[in-house]
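Here is a short briefing to read alongside the model. Please keep the sequence and the 3D view open as you go.

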Amino acid sequence: MPTTFWGWVSLLIEKYGPLFLNGTLYTMLIAISGTVIGFVIGLLVAIVRTIPVSPKDPVAKKAGLKLASFLLNVYIEVFRGTPMIVQAMVIYYGAMMYLGLRMPALGAAIFIISINTGAYMAEIVRGGIISVDKGQKEAAHAIGMTHWQSMLHVVLPQAVRNIMPSIGNEFVVNIKDSSVLNVISVSELFFIGKSAAGTYARYFESFFIIAAIYFVLTFTVTRILRLIERKMDGGRNYTICGSQSDSEATITIHPEGEVPND
Amino acid sequence: MTEQQPILEISHLKKDFGAHQVLRDISFAVHSGDVISVIGSSGSGKSTLLRCINYLEEPTAGQILYRGRNAETLNRAEYHSKVGMVFQSFNLFANMTVLANCTAGQKLVLRRGAKEAEDKALYFLGKVGMDAYRNARPAQLSGGQKQRVAIARALAMDPDVLLFDEPTSALDPEMVGEVLGVMRSLAEGGLTMLVVTHEMGFARDVSSRVIFMDQGVIAEDGDPRDIFTAPKQPRTREFLSRVLQGGKTE
């Protein structure tokens, strides 16, 4: 048996390397699906909650929207107001005991993290929609766009860009918080760490490895998200087309301080 | 010969915000080729009038007829494309290029093909002197340039009448001229315009008719020469002497 810290670390990696890798894949799968599905849920919830109601609308539409809005509020409050680890227990064992539904652990994990993230995303997307200057929506209506057209083509693209940092934040939180889903025995990273530690009773070394993997994951993801944000902003350069003598001529403008060929 | 049917006929329009009556019984008609300037002090209801005509605010009472048909019963998208609007704060779509700003409405609302929409957009961008900037984004333009693009965006929808809501009020003084120049050439080209403005020079020299609003009603309505040289109402006289002294004569 090894006698040093690094000795234990290398033994654990040697014995459990493929399992750690598997756990990493599960963690990423859960975090990515949870963030993407949660974002879609958040988008839908926020869109429904921002449908404009005019006093002239039929009563059924007004009542329907009011009811939908109430139910969505309940959803958001409940899932933001209880810990995900508790939600996991309630949903997983509740489904098993009262619906006779034995969910596969991975499926249950993705389901739970998605609806949990959706509750947060709903508020984030709503904030993003509010952040887009109201005048642009009015301008969209003034050239005849419907509510849906103005949302789809004008408001949401800007709202999503504005909330990218918050979406990235949710993603990083999901990578870390998916660890609580070990309570429903999904073999994500923390769960693997626990099993590896248990065999030799080397908790420190095992979780040291797990911590390092989590950090590499979140750090890499943060950098990638930053890159995506810069890509979404597009180039700051633009081209002026045509001149008095040559209609094909172009001049490219580089805003001050910007290096050409950027 | 019967009188030509007006493009817009506004009758007994009222708008309340809570207990506050902003518009109290406004009636007038806009005929093809009219260039109407709406002047008056802040809070007189000028902008609210334009916003009600374009249904950005729902009128509390009254009726708007578009070519003789009740605008309420018309398809909103169709009505909006026929009654265009230019805003004080430009309101360009920040996520789109200059060209896309001018094609989005044509494609989505009028269902025009990409080629046709682009040709049309470039034609009107050329008219306002902004075609060279077709690939720029709104954030890269000056205020005057933005407003010229916003005018091209509205024109690309082939409106019957264009509403201007204080189009130069948010501009730096040196950019006011370029936007007024564009508006002047549009007026000379026969575009029907309803312009809420503080630019008395424009109202006096370019418009075919001036409406003076005060406290939610039309206090005076007539030929610009008459209104600027011989206003009938004491409150028109008082307003004009106040603003003309202030030097807002373009």
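In chain A, one aromatic cluster is made up of Phe5(A), Trp6(A), Phe204(A) and Phe208(A). Please bear in mind that this is a predicted model. The points below take up ring pairs, charges over rings, a helix of chain B and the confidence of chain A.

**Aromatic pairs**

- Over all chains, a search of the whole structure turns up 15 aromatic pairs.
- One of them joins Tyr92(A) and Tyr93(A) edge-to-face, with 5.1 Å centre to centre and 85° between the planes.
- Tyr92(A) is buried at a relative accessible area of 9%, while Tyr93(A) is partly exposed at 31% relative accessibility.
- Phe190(A) and Phe207(A) make a tilted pair, because their planes stand at 45°; the ring centres are 5.3 Å apart.
- This pair links distant parts of the chain, with Phe190(A) in helix 7 (residues 189-200) of chain A and Phe207(A) in helix 8 (residues 203-233) of chain A, 17 residues apart.
- Phe190(A) counts as partly exposed, at 27% relative accessibility, and Phe207(A) counts as partly exposed too, at 23%.

**Charges over rings**

- In chain A, Arg223(A) lies over the face of Phe219(A), 4.7 Å from the ring centre.
- In chain B, Arg153(B) lies over the face of Phe93(B), 4.5 Å from the ring centre.

**Helix 6 of chain B**

- How far apart are the end C-alpha atoms of helix 6 (residues 173-188) of chain B? They are 23 Å apart, which agrees with the 22 Å that its 16 residues should span at 1.5 Å a residue.
- The buried residues of helix 6 of chain B are Met175(B), Val176(B), Val179(B), Leu180(B), Val182(B), Met183(B), Leu186(B) and Ala187(B).
- Viewed down the helix axis, these buried residues of helix 6 of chain B fall within an arc of 155°, so they line one face of the helix.
- Turned away from that buried side is the face that carries the exposed residues Glu174(B) and Glu188(B).
- Cover for the buried residues of helix 6 includes strand 3 (35-39), helix 5 (143-155), strand 7 (161-165), strand 8 (193-196) and helix 7 (200-205) of chain B.
- Just after helix 6 of chain B, Gly190(B) takes a positive phi of about 95°.

**Confidence in chain A**

- Chain A has a mean pLDDT of 86, with 89% of its residues at 70 or more.
- Over residues 258-262 of chain A, pLDDT stays under 50, and the model has 5 contacts beyond four places in sequence for them.
- Where pLDDT is low, the predicted coordinates should not be read in detail.

Methods. Residues are numbered from 1 along each chain as its sequence is written. Chains are lettered from A and ligands numbered from 1 in the order in which they are written. This is a predicted model: local features need pLDDT of at least 70, side-chain atom pairs count only at pLDDT 80 or more; totals for chains, interfaces and linings use all residues. Side-chain values use heavy atoms; hydrogens and water are left out. Helices (H or I, at least four residues) and strands (E, at least two) are DSSP runs, numbered from the N terminus. The expected span of a helix is 1.5 Å times one less than its number of residues. Buried means under 20% relative accessible area, exposed over 50%, partly exposed in between (1.4 Å probe, protein chains only). The arc is that of the directions from the helix axis to the C-beta atoms. Contact means heavy atoms within 4.5 Å. pLDDT is the predictor's confidence in each residue, from 0 to 100. Rings of Phe, Tyr and Trp (its six-membered ring) pair if their centres lie within 6.5 Å; planes under 30 degrees apart count as stacked, over 60 as edge-to-face and the rest as tilted. A charge sits over a ring if NZ of Lys or CZ of Arg is within 6 Å of the ring centre and within 35 degrees of the ring normal.
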